[in-house]
Amino acid sequence: MSKNINYDHAEHLHRFACWTAAAAVRRAFVGNEVIARVIEDINLKQELFELKKAEPSAEKFDEKHKEYSNRLVTRLKELLNSQAEKDKVTYGRAAKIIAVYIKTCYVIPDPECALSRVAHPPIDRILLTNLSKCEKINFDKFPAWTKLSPKEYVELIKSLRRIEPDHFWKLERYWQSH
């Protein structure tokens, strides 16, 4: 079962990032293999590597993120068989897959790089609930993260950037279950 592939640290990190991204959205959704395949099919690893080298602004990252999310949604729907599975493919889920992948590959190893500073944190109910309490911002107007549309997601990110305009990953200080 050995593939002719150079298994270096970058490949190891990529595979772990695929697993963490899948784990973040898998509850009542598709398995790790499907998520990993989609990440590979849309060439996310290489695209993010190139984006990191370009040292993107928040605006440039948001533009690329939208592109990646739309491609991820499209590819997932192509791979899934049942309409019930396809109905669970949302922009919010795609965004979380990308966020967790970036967190694993870039933010944790290098929190000061330009990509780490502008990348979106993984959005979920715990984060938004705690932000609502601490920052006195009402996030109730947004649906659950699993149901976010592209427009709702962009609006949510704009609201969140006002809280943490630098080092966007620091918003995760609100991600606590207690």
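Is E164 buried or exposed? I looked it up: E164 has 12% relative accessibility, so it counts as buried (buried is under 20% relative accessible area, exposed over 50%, partly exposed in between, with a 1.4 Å probe and protein chains only).

I'm working from a predicted model, where local features need pLDDT of at least 70, side-chain atom pairs count only at pLDDT 80 or more, and totals for chains, interfaces and linings use all residues. Residues are numbered from 1 along each chain as its sequence is written, and side-chain values use heavy atoms, leaving out hydrogens and water.

Next, the partner of E164. Its side chain meets that of R173 in a salt bridge, 2.8 Å from N to O (a side-chain nitrogen of Lys or Arg within 4 Å of a carboxyl oxygen of Asp or Glu). R173 is partly exposed at 40%. I also noted a network: R37, D41, R75 and E78 are joined by salt bridges that share partners. The count by this rule is 13 salt bridges.

Then helix 4, residues 58-79 (helices are DSSP runs of H or I, at least four residues, numbered from the N terminus). Here I found K60 paired with E63 at 3.3 Å, and K64 paired with E67 at 3.3 Å. K64 and E67 sit 3 residues apart, about one turn of the helix. K64 is buried at 17%, while E67 is partly exposed at 32%.

Last, helix 2, residues 32-41: I got N32, I35, V38 and I39 as its buried residues. Down the axis they fall within an arc of 135° (taken from the directions from the helix axis to the C-beta atoms), so they line one face. N43 follows helix 2, with a positive phi near 60°.

Note on methods:
Helix = DSSP H or I, 4+ residues; strand = E, 2+ residues; numbered from the N terminus.
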